[in-house]
Amino acid sequence: MAALSKHLTGRNCSITAALVLGFYLLKQRGHYSKLNNSGKGSAELHLNSVKDGKKDKAAVDKVFVHRICQILKILVPRVFCKESGYLLLIAAMLVARTYCDVWMIHNGTMIESAIIGRSTKAFKTYLFKFIAVMPFISLVNNFLKLGLNELKLCLRVRLTKHLYNHYLREFTFYKVNNVDNRIANPDQLLTQDVEKFCNSVVDLYSNISKPLLDIIIYIFKLTSAIGALGPVTMLSYLLLSGLFLTRLRRPIGKMTVMEQKFEGEYRYVNSRLITNSEEIAFYNGSKREMKTVHETFHKLVEHLNRFICFRFSMGVIDSIVAKYIALVVGYLVVSRPFLDPSNTRHLNSSHSERLEDYYQSGRMLLSLAQALGRIVLAGREMTRLSGFTARITEIQEVLKELNTGRYERTMVSQLGKESDSVDKMSLVPGSGEIVHADNIIRFEHIPLMTPNGDMLIRDLSFEVLSGTNVLVCGPNGCGKSSLFRVLGELWPLFGGCLTKPDRGKLFYVPQRPYMTLGSLRDQVIYPDTYEDQKRKGTSDKVLKKYLDNVQLGHILEREGSWDSVQDWMDILSGGEKQRMAMARLFYHKPQFAILDECTSAVSVDVEDYIYSHCRKVGITLFTVSHRKSLWKHHEYYLHMDGRGNYEFKQITKETVEFGS
């Protein structure tokens, strides 16, 4: 035991602990790299969140600097703006806070010197000075917090407005979710990622500018006190340690991007569960959905565990390099004037003078070391910011390209014959021509093709003039909805020429009509506002007539006012929603209307009145329906067989009606 205890010294125990910790960290790093590699080949939920193609790099490099500069032009668009004012306020408060820190060091040293020197008069003088300055210091600190919080909010407002101006421009919001598949969860990017990005930018501004200011002031003070060698030594250590830690932190940017993507997946799965809760309940699919939610959550938790362990290992290294070794360097520097016999600075100084000088210089050097440590640790926040910057830049680029008509999509359809593949490769999205003209819809040699690359009809040609109703029929998946998406300019043209009215003169009524958030009036006039209604000269009496025409007048009587606000998606039944959509159609009076099974929950007599009224007011209809009772309201039919063939013919007495 005696021989064993001889080796159990503090030094040997410290070395052993350090070796064990280093071995553990290396083992953990190898374990996580294996998990990452093995996870690449495992089965994953097909949520299109992680693409196998081009992956965005997130690191502190030239690309990051370029990206952040481009975004900052959006956040601070002018020299004189509210954001610039808050930046100046924060800068001024940081300067004031630094001078407060320097004054506190000097005043604190004087108080301690008075206590040691047993000087009651000096103690009271410096103590009362501290009490008198306390309100000012408190005011400076809270003005700094106010500026930081207001700047975060201003930047978030600016960036959110910028992104939504592009996201909600025409049909871009639809194309992001249905045509282009580069972004899996735009709601995550537009809400949480924007907030985290703006918070990270402001925190980084504060965490870098304050230490930089401290370094400049303390170097100036210390150079006059202990010479230039001390500050130069500290700055050299800052440079070396910063380069070393930045290299080690490189994975944080990529891990931040992955964390946000997994968070988006998890939110998406939960939102799907809420949106489709009724269908899932009818299918009794709770166990299957639980499995999906748990799998998605498990992926997120695994990644967060890896991230936590990586941050733990980096935290250990950060603390040693940026705090404790920096403190050791500080002690070595501040001790030189006192321990060097050749230094003449303190040859004739008394003990109290040396003590006062040491306290003041030592505290300044300690503050300098802490400022240098904060600069080094700010690299960690900068690496994390690079991940958010990559996400924001990604959605900016996608929205910009979609607004110019360009999109990218991973083709998952299997190409059949070689000739088909050659034809498909020659078709370019957006290569077709769209001509706007009133009272006519004409398809001229248009290939009906999905954005995913599936060919539905190779050459579609027909013409419909105002006053000629067309019944569109065919099996599921034959291209009926695809036809209307092309007609509504939701999908790109792959060739040919499409002649149609402007978007405002073409109205779509789906099987499950959309009820907006707002009043009863808003449901009828959507997407118009009350100001638009007054501009058109449509009175509330006319709106009441539209409701009466579709047998919904009792809703106005029940609610008592057009301004009544309810959750109309829940309040109205399926049939009432479809009739509300028809009242909306009567209000807008378009040249052409697309009715996509929109009267399936309406009685036949109401349906007859709706079609008769549309003809009376001059609305030409494209109807998708399987009801035989609707054939009499149409002059032509367009039949698609689902194999790439179609026929567009006039309805005559000899036409064989099909449907139910």
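**Entry 1: a buried charge**

I looked up aspartate 596 in this predicted model and found that aspartate 596 is buried but has no salt bridge.

What does the side chain of aspartate 596 join in a polar contact? I found the side chain of tyrosine 508, at 2.8 Å. I also noted that aspartate 596 sits in strand β9, residues 592-596. Leaving aside neighbours within four places in sequence, I listed its contacts, among them Ser481, Pro510 and Val624.

Next I turned to helix α17, residues 540-549, where I found Leu543, Tyr546, Leu547 and Asn549 buried. Why are they on the same side of α17? They cover an arc of only 160° around the axis, and that puts them there. On the face turned away from this buried side, I saw Lys541 and Lys545, both exposed. I then looked for what covers the buried residues of α17, and the cover includes α15, α16, α18, α20 and α21. After α17 comes glutamine 551, with a positive phi near 60°.

**Entry 2: a strand covered on both faces**

My last stop was strand β4, residues 470-473. In a regular strand, side chains alternate between the two faces of the sheet. I found Val470 and Val472 on one side, Leu471 and Cys473 on the other, all buried.

I followed the pairing too: β4 runs parallel to β10, with 3 bridges, and parallel to β11, with 4 bridges. Leucine 471 has threonine 623 of β10 as its bridge partner, while cysteine 473 stands opposite histidine 639 in β11.

Key. Residues numbered from 1 in each chain as written. Predicted model: local features only at pLDDT ≥ 70, side-chain atom pairs only at ≥ 80, totals over all residues. Heavy atoms only, no water. Helix = DSSP H or I, 4+ residues; strand = E, 2+ residues; numbered from the N terminus. Buried < 20%, exposed > 50% of the residue type's maximum accessible area, 1.4 Å probe, protein only. Lys, Arg positive; Asp, Glu negative; His and termini not counted. Salt bridge = Lys/Arg side-chain N within 4 Å of Asp/Glu carboxyl O. Polar contact = N/O pair within 3.5 Å; in protein donor to acceptor, adjacent residues only side chain to side chain. Contact = heavy atoms within 4.5 Å. Arc of directions from axis to C-beta. Pairing = 2+ DSSP bridges.
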